[in-house]
Amino acid sequence: MRMPRGLDCGITRLCATIGLAALIGLITPHAHAAGGLSISNPDGAAVRALVIGIDDYQHVRKLKGAVADATDIVTSLKSMGVGDVVVLTNAQADRASVLREISALVERTKNNDLIFLSIAGHGTQEPERVKGSEPDGMENVFLLPGFETTPTGSVERVLGSEFNHFIRQFELRGARVIFVADTCHGRRYGARYRSACR
């Protein structure tokens, strides 16, 4: 039986995430809750997560499945014993909230913690700001629910370099980071953004 495209991709991503965690020694077959798997940090420190999923865009085409994927990830993490999980979906995931939650997560992070960051939604690319900083001359951009191609609306996005900055902040606190981005990337043409999402 063939699964709907979004469900198939969501399950594949979740399996890939769990597989990655197993490969790096985080998932153990300890009895937890109903006898399932649990995630434990081999260094004994905390596992923390910020999961973002956006379907409901105000000015660009809405998506189907990003919020469901985020919900599946959060449910899986919590069922495997991860207690520090923050989820932002749709309108909750405006720029101010995303940056506030990432900053708060950085503040809570201790040495040897494992940080799981995930974002699902629209993505695009735009010309790099610092010449030579990106191999292809384009920077990845993650669009938030209020994004539009106006001076005010264009603020509602997070640049890939901003995520890189926060990942570096986690690493400076001695943490390891898993970053999962389930977004499309198009090209910027003039003032119009085109996404490759289907």
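1. Arg-48 sits in strand E3, which covers residues 47-53. Keep in mind that this is a predicted model. Is Arg-48 buried or exposed? Its relative accessible area is 12%, and the cut-off for buried is under 20%, so Arg-48 counts as buried.

2. What surrounds that arginine? Setting aside neighbours within four places in sequence, Arg-48 touches Asp-84, Leu-105, Arg-108, Thr-109, Lys-110, Asp-113, Leu-114, Ile-115 and Phe-116. Another, Leu-105, is among the buried residues of helix H3.

3. The rest of E3 is covered too: 7 of its 7 residues are buried. In a regular strand, side chains alternate between the two faces of the sheet. In E3, Val-47, Ala-49, Val-51 and Gly-53 point one way, while Arg-48, Leu-50 and Ile-52 point the other way, and all are buried. If you want to look at how E3 is packed, check both sets.

4. Now the sheet itself. It is an open one of 4 strands, ordered E4-E3-E5-E9, with parallel pairing. Which strands stand at the edges? Those are E4 (84-89) and E9 (176-183); each has a single partner strand, so one side of each is left without a neighbour in the sheet. From one strand to the next, the twist averages 5°.

5. On to the pairings, going along the sheet. Strands of a sheet pair through backbone hydrogen bonds, either parallel or antiparallel. E3 and E4 are parallel and share 6 bridges. E3 also runs parallel to E5, with 7 bridges joining them, and here Ala-49 stands opposite Phe-116. E5 (residues 114-121) pairs with E9 over 8 bridges, again in the parallel sense. In that last pair, Ala-120 faces Asp-182 of E9.

6. There is an antiparallel pair to look at as well. Strands E6 and E7 run antiparallel and are joined by 5 bridges, with Thr-124 having Val-141 in E7 as its bridge partner. Strand E6 (residues 123-127) is mostly covered, as 4 of its 5 residues are buried.

7. Helix H4 spans residues 160-172. Buried in H4 are Gly-160, Glu-162, Phe-163, Phe-166, Ile-167 and Phe-170. Why do they line one face of the helix? Seen down the axis of H4, the buried residues fall within an arc of 160°, so one face holds them. An α-helix has 3.6 residues a turn, so residues three or four places apart point the same way. The cover over the buried residues of H4 includes helix H3 (95-108), E5, strand E7 (138-143), strand E8 (157-159) and E9. Just after H4 comes Gly-174, with a positive phi of about 90°.

8. Helix H3 has 14 residues and reaches 20 Å from its first C-alpha to its last, close to the 20 Å expected at 1.5 Å a residue. Its buried residues are Arg-95, Ser-97, Val-98, Glu-101, Ile-102, Leu-105 and Val-106. Who covers them? The list includes E3, E4, E5, E8 and H4.

9. Helix H2 (residues 66-79) also gives 20 Å from first C-alpha to last for its 14 residues, close to the 20 Å expected. In H2, the buried residues are Ala-66, Val-67, Asp-69, Ala-70, Ile-73, Val-74, Ser-76 and Leu-77. Gly-81 follows H2, and its phi is positive, near 95°.

10. Finally, the whole-protein numbers. The protein has 4 helices and 11 strands. Of its 198 residues, 43% are buried. Among contacts with a separation of 6 or more, 65% are between residues 24 or more positions apart. The protein exposes about 10400 Å², with carbon and sulfur atoms supplying 55% of that area.

How values were computed:
Residues numbered from 1 in each chain as written. Predicted model: local features only at pLDDT ≥ 70, side-chain atom pairs only at ≥ 80, totals over all residues. Heavy atoms only, no water. Helix = DSSP H or I, 4+ residues; strand = E, 2+ residues; numbered from the N terminus. Buried < 20%, exposed > 50% of the residue type's maximum accessible area, 1.4 Å probe, protein only. Contact = heavy atoms within 4.5 Å. Pairing = 2+ DSSP bridges. Axes fitted to C-alpha atoms, helices over the stretch in contact; angles between N-to-C directions. Areas by Shrake-Rupley, 256 points an atom, 1.4 Å probe, with all protein chains shown as cover. Expected span 1.5 Å × (residues − 1). Arc of directions from axis to C-beta.
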